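Student: I would like to learn how to read a model of this kind, going feature by feature. Could you take me through one?

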Amino acid sequence: MAFEDRLTESRKIKKVTQQEAANMLGIARTTYASYEQGHRQPDYDTLKKICEQFNVTFDYLLTGNEQSNSPDEMWQKFLDPKTQIFFKDLQDAPEEKIEELIRFWEFIQERDRKK
């Protein structure tokens, strides 16, 4: 199942229309519809709002992995004291750098899936 399918399914589970979802996210219905159609992808802030409104994790929407914990628990694991030294600069990083890191990580995951 692709991102747009998981997004559509998550919205339908909450029993909201595309217009209602767009209103909750503060975006145009056409923009939201383009996410569900796979023509566009939401930016980080919008993706975060989607996860909060539909009560799903980033990991689920992006990869379909349902084994994830809540986003807070995911970040706690991500910033574990054992690895925090490596990621300490992320706490003060500009949003565009974090988004770049997320894209890089998605690239690595996709490459590994193809192996």
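Predicted model: local features only at pLDDT ≥ 70, side-chain atom pairs only at ≥ 80, totals over all residues.

Student: How many salt bridges does the structure hold, and which residue meets R113 in one of them?

Tutor: The structure holds three salt bridges, and in one of them the side chain of R113 meets that of E110 at 3.1 Å, N to O. R113 and E110 are three residues apart in helix α8 (residues 95-114), so about one helical turn separates them. E110 counts as partly exposed, because its relative accessibility is 35%. Another salt bridge joins D112 to R111, with 3.2 Å between the closest N and O atoms; D112 is partly exposed at a relative accessible area of 40%, and R111 is likewise partly exposed at 40%.

Student: Turning to the fold, how many helices and strands does the chain have, and which of its elements has the highest mean pLDDT?

Tutor: The secondary structure comes to eight helices and zero strands. Among these elements, helix α2 (residues 18-25) has the highest mean pLDDT, at 97, whereas helix α7 (residues 84-87) has the lowest, at 52. For the chain as a whole the average pLDDT is 82, and 78% of the residues score at least 70.

Student: Which residues of α2 are buried, and what covers them?

Tutor: The buried residues of α2 are A21, A22 and L25. They cover an arc of only 100° around the axis, and therefore sit on the same side of α2. What covers them includes α1 (3-13), α3 (29-36) and α4 (44-54). Just after α2, G26 takes a positive phi of about 75°.

Student: What share of the chain's residues is buried, and what share of the contacts with a separation of 6 or more comes from residues 24 or more positions apart?

Tutor: Buried residues make up 28% of the 115 residues in the chain, and residues 24 or more positions apart account for 45% of those contacts. The accessible surface of the chain comes to about 8,200 Å², with 50% of that belonging to carbon and sulfur atoms.

Technical notes
Residues numbered from 1 in each chain as written. Heavy atoms only, no water. Helix = DSSP H or I, 4+ residues; strand = E, 2+ residues; numbered from the N terminus. Buried < 20%, exposed > 50% of the residue type's maximum accessible area, 1.4 Å probe, protein only. Contact = heavy atoms within 4.5 Å. Areas by Shrake-Rupley, 256 points an atom, 1.4 Å probe, with all protein chains shown as cover. pLDDT = per-residue confidence, 0-100. Arc of directions from axis to C-beta. Salt bridge = Lys/Arg side-chain N within 4 Å of Asp/Glu carboxyl O.
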